[in-house]
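Please go through this model with me, one question at a time.

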Amino acid sequence: MAVRTVTEEDFGKLIELYKEFFPTHNRFSQNEDIIKAYLHKELLEQDDFLITEGAALIVIITKCNDTHSRAKFRHFAWKNEEAATELLQEAESRVRKSAETVKIELTLSESEEIEFYKKNGYVVEGELKDHYRAGEVCFI
């Protein structure tokens with residue numbers, strides 16, 4: 001599967017993917033026109049909005065100084081772990097190229113696939129109660 005940047009033609013599949021993967025998300029539980037407008041804004045404003053067959057992810061890289069960057073992965077959704085792993089590896093590769101040292105920050109609700117990240121070497125550094133929704137924990 002080839003990883004590439006999202007195009008306008010991908011929005012239909014993206015909306016379907018996000019509605020399925022994030023059933024309680026405040027953005028992705030809205031109607032398709034609102035989701036499309038939101039995704040279009042994200043596409044224009046973010047560093048890399050990546051897609052592969054069955055997975056999508058937004059990579060935001062912030063240059064902290066000449067040698068260090070901080071990256072955030074947003075709206076990572078997938079239909080199968082093979083596609084997700086391929087996309088994660090490509091995103092990590094792009095982040096590593098941004099600076100000598102980098103830190104990737106994730107904020108995941110407890111309804112997201114946290115075990116996938118743990119299998120790929122990520123560590124939970126903290127928990128935020130009621131961060132996204134009342135009664136739900138967000139992992140950092």
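What follows is a set of questions and answers on strands, rings, a pocket and salt bridges.

Student: Which conventions apply to the numbering, and at which pLDDT do side-chain atom pairs count?

Tutor: Residues are numbered from 1 along each chain as its sequence is written, and side-chain values use heavy atoms, with hydrogens and water left out. This is a predicted model, in which totals for chains, interfaces and linings use all residues, local features need pLDDT of at least 70, and side-chain atom pairs count only at pLDDT 80 or more.

Student: Which residue of β4 is the bridge partner of I60?

Tutor: Helices (H or I, at least four residues) and strands (E, at least two) are DSSP runs numbered from the N terminus, and two strands pair if DSSP finds at least two bridges between them. Strand β3, residues 55-63, is joined to β4 by eight bridges and runs antiparallel to it, and the two form a hairpin with four residues between them. Within β4, the bridge partner of I60 is K72.

Student: Do β4 and β5 run parallel or antiparallel?

Tutor: Strand β5 covers residues 101-105, and five bridges join it to β4.

Student: What is the angle between the ring planes of Y18 and F22?

Tutor: Rings of Phe, Tyr and Trp (its six-membered ring) pair if their centres lie within 6.5 Å, with planes under 30 degrees apart counted as stacked, over 60 as edge-to-face and the rest as tilted; by this rule there are 13 aromatic pairs. Y18 and F22 form a stacked pair at 5.9 Å centre to centre. Relative accessible area sorts residues into buried (under 20%), exposed (over 50%) and partly exposed in between, using a 1.4 Å probe and protein chains only, so Y18 at 0% counts as buried and F22 at 6% counts as buried as well. The angle between the planes of Y18 and F22 is 25°.

Student: Why is the pair of F21 and W78 called tilted?

Tutor: F21 belongs to helix α1 (residues 11-21) and W78 to strand β4 (residues 68-78), so-called distant parts of the chain, 57 residues apart. Both F21 and W78 are buried, and ring pairs link them into a cluster that includes Y18, F22 and F28. The ring centres of F21 and W78 are 4.8 Å apart, and the pair is tilted because the planes stand at 50°.

Student: Which element gives the most residues to the lining of the largest pocket?

Tutor: A pocket is an open set of points on a 1 Å grid over the protein atoms alone, where a 1.4 Å probe fits and protein lies on both sides within 12 Å along at least five of seven lines, and lining residues have an atom within 4 Å of a point. The largest pocket holds about 440 Å³, and of its 22 lining residues F22, H25, H75, E112 and Y132 lie nearest the centre. The elements giving two or more residues to this lining are β4 and β6. The element that gives the most, with five residues, is β4.

Student: What is the N to O distance in the salt bridge of R94 and D48?

Tutor: A salt bridge is a side-chain nitrogen of Lys or Arg within 4 Å of a carboxyl oxygen of Asp or Glu, and a search of the whole structure finds nine. R94 in helix α3 (residues 81-96) and D48 in strand β2 (residues 48-52) are 46 residues apart, and D48, E90 and R94 are linked in a network of salt bridges. R94 is partly exposed at 24% relative accessibility, whereas D48 is buried at 18%. The distance between R94 and D48, N to O, is 3.3 Å.

Key: Points joined across faces, edges and corners; volume = space filled by probe spheres on them.
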